[in-house]
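Subject: Structure handover

Hello,

Here is the structure for you to look through. Please open it first, then read the notes below.

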Amino acid sequence: MKIIVASDIHGSAYWCEKLLNAYSEENAGKLLLLGDILYHGPRNPLPDGYSPKSVVEMLGPLKDEIICVRGNCDSEVDQMVLPFNISSDYATVYFDGLTLHLSHGHRAEPPMGKGEVYLTGHTHVPLKEKGAFIHLNPGSVSLPKENSRHGYILIDGKNFYFKDFDGNIYDELKI
């Protein structure tokens, strides 16, 4: 099974549609969302196609395929309207011999073991760091910063591909 990892949709129906098209085209079976789903936040501009209600409607049919953690812009109201759980700051997913720790990235790092993978969003900038654990950030779906691309990470086995919404791989990590 393939997994898509994405963060920081910030209520953009335009970019959410591109994410869901990529999810379908990649034939993924799980969508890991790293927070900031509906609200754009006070420090961000309105993203293209800002329509949080539309984003709720678009993600709803995939509710059984989504694992999501709460971001700093996700409110209690957001948790009430989304049909999947976004109330946890952290989650752990076991996949194909990997341990994946999920967090938006605005809280302290959870305890992690050697070789485990820490997936965060929050900064809107892609990140790939290897140390005692592997830290990856897909950047932002709708509001990339520092001249980065709108994109996501595709996990296929033990391969992590950083991709943009044109389907281009611009970075990768093989474990």
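A residue is called buried under 20% relative accessible area, exposed over 50%, and partly exposed in between (1.4 Å probe, protein chains only). D171 has a relative accessible area of 29%, so D171 is partly exposed.

Some ground rules. This is a predicted model: local features need pLDDT of at least 70, side-chain atom pairs count only at pLDDT 80 or more, and totals for chains, interfaces and linings use all residues. Residues are numbered from 1 along each chain as its sequence is written, and side-chain values use heavy atoms, with hydrogens and water left out.

Helices (H or I, at least four residues) and strands (E, at least two) are DSSP runs, numbered from the N terminus.

Salt bridges

Side chains of opposite charge can pair when their charged atoms come close. Here a salt bridge is a side-chain nitrogen of Lys or Arg within 4 Å of a carboxyl oxygen of Asp or Glu. The structure holds 6 of these salt bridges.

One of them joins E26 and K163, with 2.6 Å between the closest N and O atoms. This pair links distant parts of the chain, 137 residues apart. E26 sits in the loop between α1 and β2 (28-33), and K163 in strand β10 (residues 159-164). Both E26 and K163 are buried.

D89 and R107 also meet in a salt bridge, at 3.3 Å from N to O. D89 is in the loop between α3 and β4, and R107 in the loop between β5 and β6 (117-119), 18 residues apart. R107 counts as partly exposed because its relative accessibility is 40%.

Back to D171. Its side chain meets that of K128 in a salt bridge (2.9 Å, N to O). K128 is in strand β7 (residues 126-130) and D171 in strand β11 (residues 169-174), 43 residues apart. K128 has 36% relative accessibility, so K128 counts as partly exposed too. Elsewhere, salt bridges that share partners join R70, D89 and R107 into one network.

Aromatic pairs

Rings of Phe, Tyr and Trp (its six-membered ring) pair if their centres lie within 6.5 Å. Planes under 30 degrees apart count as stacked, over 60 as edge-to-face, and the rest as tilted. The count comes to 5 aromatic pairs.

Y14 and W15 form an edge-to-face pair, 4.9 Å centre to centre with 90° between the planes. Y14 is partly exposed because its relative accessibility is 39%. W15 is at 10%, so W15 counts as buried. W15 also pairs with F165: the centres are 5.8 Å apart and the planes at 40°, so this pair is tilted. W15 lies in helix α1 and F165 in the loop between β10 and β11, so the pair ties together parts that are 150 residues apart in sequence. Ring pairs link Y14, W15, Y152 and F165 into a cluster.

Backbone angles

Most residues other than glycine have a negative phi. H10 has a positive phi of about 50°. H10 is in the loop between β1 (2-6) and α1 (13-25). Its relative accessibility is 0%, so H10 counts as buried. Phi of D96 is also positive, near 50°. D96 is found in the loop between β4 (90-95) and β5 (98-103). D96 counts as partly exposed because its relative accessibility is 46%.

Best wishes
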